[in-house]
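Me: Please take me through the helix packing and a few individual residues of this model, one question at a time.

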Amino acid sequence: MINAKTKVISLLGNPIEHSKSPQIHNSVIDSLGLNYVYVAHKVDKENVKNAVLGLKALGYVGSNVTVPYKLDVMPYLDQVSEEAKLIGAVNTITVKNDELLGDNTDCYGFAQMLRDEQVSMRGKNILILGTGGAARAVTVSCMLNEAASITVCSRSIDKSSTFIESFSGYDGYNGNWFSIDYKTLERSSPNSDIVVNSTPLGMHPKEGVSPVDPSIFNNQTVLVDLIYNPDKTEFLLQGSKRGMKTINGLGMLIHQALKSFEIWTGLTQSAEFVRSVLNL
Ligand code: NAP
């Protein structure tokens, strides 16, 4: 029952109607018997500053931030975590001691998803397809988990090179960096241990499209797709047919949400519980 003591958590983005976050968080809240509520706010670009500062004014516990505002909110925060700075995006805001704190839990979500599947990034050669926000979170996850090498593939070699250069200020990663485009990738015999699709290829309206043909990799390569709807993209389907291990992005979605929830409340729930709620 919502009453005068109910604590509020929100989601800021546009569009937000498709988001699974309210369903995830409200189910977790109910399961733990907490007097909290999670609501989605569709915010216009010119109102982002007011929305962020409003979290503090209204005494919200915090908020998730989704597309397209993960960068836009950053100037209005009092503190931003090292991980979020490295990724260059915030997906979680917490109001604490009258300050707005920014975090990014996508990076944690990716790492935890692989851990659940007993896939370690440590010492591995990891190929990342795409250079968007999700690719940045995956890259930071690879850096923090000590991948031996990180190769970034883009439709434009300039873009993948610029992407890599943007991490050059961080001296905590000692592995090797490579940038590549799809034409060169398909002509080479990449020795990738893990390949991550961080492009929208395979998702509506591009179902049935794969960013690369998995047959260029050896059968021990683990294929990861950040897309979870459809459950198996063309990329994963082709890999499965070759007997390769495949992982979709549902675990990342669940673990980033649970991490945000833990940051706000200090409490958590199992990934299995959230998986059953989502029924995916
Ligand atoms: P984005 O910025 O729209 O796109 C990512 C990158 O994909 C682009 O920078 C682009 O890289 C490449 N790309 C875009 N269109 C392409 C095309 N037609 N052909 C080949 N490459 C193309 O998306 P994002 O926000 O980073 O998200 C990427 C994917 O991850 C989406 O499918 C999203 O749903 C998913 N995601 C999942 C989770 C999760 O929790 N599971 C979290 C975040 C995102 P280049 O221009 O360099 O080629």
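Reply: Helices (H or I, at least four residues) and strands (E, at least two) are DSSP runs, numbered from the N terminus. This is a predicted model, in which local features need pLDDT of at least 70 and side-chain atom pairs count only at pLDDT 80 or more, while totals for chains, interfaces and linings use all residues. Residues are numbered from 1 along each chain as its sequence is written, and side-chain values use heavy atoms, with hydrogens and water left out.

Me: In which helix is the place of Ala 135, and is Ala 135 buried or exposed?
Reply: The place of Ala 135 is in helix H5. Buried means under 20% relative accessible area, exposed over 50%, and partly exposed in between, with a 1.4 Å probe and protein chains only. Because its relative accessible area is 0%, Ala 135 is buried.

Me: Which residues does Ala 135 touch, not counting residues up to four places away in sequence?
Reply: Contact means heavy atoms within 4.5 Å. With residues up to four places away in sequence not counted, the residues that Ala 135 touches are Ile 128, Gly 130, Phe 163 and Ser 198.

Me: Where does Ser 198 lie, and why does Ser 198 count as buried?
Reply: Ser 198 lies in the loop between E10 and E11, and among the residues that Ser 198 touches are Ala 135, Val 138 and Leu 226. Ser 198 is buried because its relative accessible area is 11%.

Me: What relative accessibility does Ser 215 have?
Reply: Ser 215 has its place in the loop between strand E10 (194-197) and strand E11 (222-225). From Ser 189 it is 26 residues apart in sequence and 9.9 Å apart in space, C-alpha to C-alpha. Ser 215 counts as partly exposed, because its relative accessibility is 33%.

Me: At what angle do the axes of helix H4 and helix H5 cross, and which residues make the contact?
Reply: Axes are lines fitted to C-alpha atoms, for helices over the stretch in contact, and angles run from 0 to 180 degrees between N-to-C directions. The axes of helix H4 (residues 106-116) and helix H5 (residues 133-144) come within 8 Å and cross at roughly 65 degrees. The contact is made by Asp 106, Cys 107, Phe 110 and Ala 111 of H4, together with Ala 137, Val 138, Val 140, Ser 141 and Leu 144 of H5.

Me: Which elements do the buried residues of H1 pack against?
Reply: Helix H1 (residues 21-32) has among its buried residues Ile 24, His 25, Val 28 and Ile 29. The buried residues of H1 pack against strand E1 (7-13), strand E2 (36-42), strand E3 (62-65), helix H9 (250-265) and helix H10 (271-278).

Me: Why do H1 and H9 count as oblique to each other?
Reply: H1 and H9 pack with their axes 10 Å apart, at an angle of about 55 degrees. Angles under 35 degrees count as roughly parallel, over 145 as roughly antiparallel, 65 to 115 as roughly perpendicular and the rest as oblique. H1 and H9 are therefore oblique to each other.

Me: How many of the residues of H9 are buried, and what span should H9 have at 1.5 Å a residue?
Reply: H9 is mostly covered, with 13 of its 16 residues buried. The expected span of a helix is 1.5 Å times one less than its number of residues. The end C-alpha atoms of H9 are 23 Å apart, which agrees with the span that its 16 residues should have, 22 Å.
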